[in-house]
Amino acid sequence: MERTGVEPDEIFEYLDMLGKNVKVEGIYTHFSSADSDDEYTKMQIACFKNVVNKIKERMNLKYIHAEASNAILNYPDDEFNLVRPGIIIYGYKSDEKACEKINLKPICKLKSKITFIKEVSSQTSIGYNRSFITKKLTKVATIPIGYADGLRRSLSNKGEILINGKRVNIIGKICMDSFMADVTEVPDVKVGDDVYIWDNENIKLEEIANSCNTINYEMLSTISARVPRVFIKSK
């Protein structure tokens, strides 16, 4: 990765520098391409094992780990005794083939509620820069979640959300704290109705990530701290 850490040929110099004041209990590494480059990953594994074996000649290593989500699925290794699963803990795919290897069930839904509804006539501009102009009498709902919450602005005028089981279009540019949606075709829509940005069934996180030209990891990790997390105990 060349992100942090110690180079293999510097490991003993590093251990000597730590001296007796630091007790070393474990070692780990991180694979850069466990989902895409088999040859390189196997080279990384061999290099890591070589370093581990050399260290074991000098000291006991209680913890040895090298596997995040993709490596857990693609390179299981009995010589390591810890793993650090990331996105698969939350039931989302670490790569396109992940579901072929493990039964993943997404646990996170992103939802909000309608706080305002109005009807506007044809040729009404919606949102900043008049980026959306209605073509007919339109019922517009305002939803209080925006790009400051982690809802990507790139979904403006192209994203979809779920209200009362029906997919509807985001219209206008997504604001800092809210966005608007066309709910003209949603029966009995009202203030207080639940709005799902993704529900893992009708709208999946991967679909939204693709629309934003990014990955599901980034979509999940950029939901801001001001969005309440509600934990529901499974039955």
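**Exercise 1. Which residues on the other side of H1 are exposed?**

Solution. Start with the ground rules. This is a predicted model, where local features need pLDDT of at least 70, side-chain atom pairs count only at pLDDT 80 or more, and totals for chains, interfaces and linings use all residues. Numbering runs from 1 along each chain as its sequence is written, and side-chain values use heavy atoms, with hydrogens and water left out.

Step 1: sort out the words. Helices (H or I, at least four residues) and strands (E, at least two) are DSSP runs, numbered from the N terminus. Buried means under 20% relative accessible area, exposed means over 50%, and partly exposed is in between (1.4 Å probe, protein chains only).

Step 2: pick out the buried residues of H1, which are Ile 11, Leu 15 and Leu 18. Seen down the axis of H1, these buried residues fall within an arc of 55 degrees, so they line one face of the helix. (The arc is that of the directions from the helix axis to the C-beta atoms.)

Step 3: turn to the other side of H1, and there are the exposed ones: Glu 13, Asp 16 and Met 17.

Step 4: look at the cover and the end. H2 is part of what covers the buried residues of H1, with contact meaning heavy atoms within 4.5 Å. After H1 comes Gly 19, with a positive phi near 65 degrees.

**Exercise 2. Describe helix H2, from its span to its buried side.**

Solution. Step 1: check the length. H2 takes in residues 38-56, which makes 19 residues, and it reaches 27 Å from its first C-alpha to its last, close to the 27 Å expected at 1.5 Å a residue. The expected span is 1.5 Å times one less than the number of residues.

Step 1: list what is tucked away. Buried in H2 are Thr 41, Gln 44, Ile 45, Phe 48, Lys 49, Val 51, Val 52 and Ile 55. They cover an arc of only 165 degrees around the axis, which puts them on the same side of H2.

Step 2: find the cover. It includes helix H1 (11-18), strand S1 (26-28) and strand S2 (63-65).

Step 3: inspect the N-terminal end. Asp 37 caps it, with a side-chain oxygen 3.4 Å from the backbone nitrogen of Glu 39.

**Exercise 3. Which residues line the largest cavity?**

Solution. Step 1: define the search. On a 1 Å grid over the protein atoms alone, a cavity is a set of points where a 1.4 Å probe fits but cannot get out, and a pocket is an open set with protein on both sides within 12 Å along at least five of seven lines; lining residues have an atom within 4 Å of a point. Grid points are joined across faces, edges and corners, and a volume is the space filled by probe spheres set on the points.

Step 1: count and size. There is 1 cavity of 30 Å³ or more, and the largest cavity holds about 40 Å³ of space.

Step 2: name the lining: Lys 49, Val 52, Asn 53, Lys 56, Ile 64, Glu 79 and Phe 80. H2 gives the largest share, 4 residues.

Step 3: move on to the largest pocket, with a volume of about 1100 Å³. Of the 30 residues that line the largest pocket, Ile 107, Cys 108, Lys 109, Arg 229 and Val 230 are the closest to its centre.

Methods:
Polar contact = N/O pair within 3.5 Å; in protein donor to acceptor, adjacent residues only side chain to side chain.
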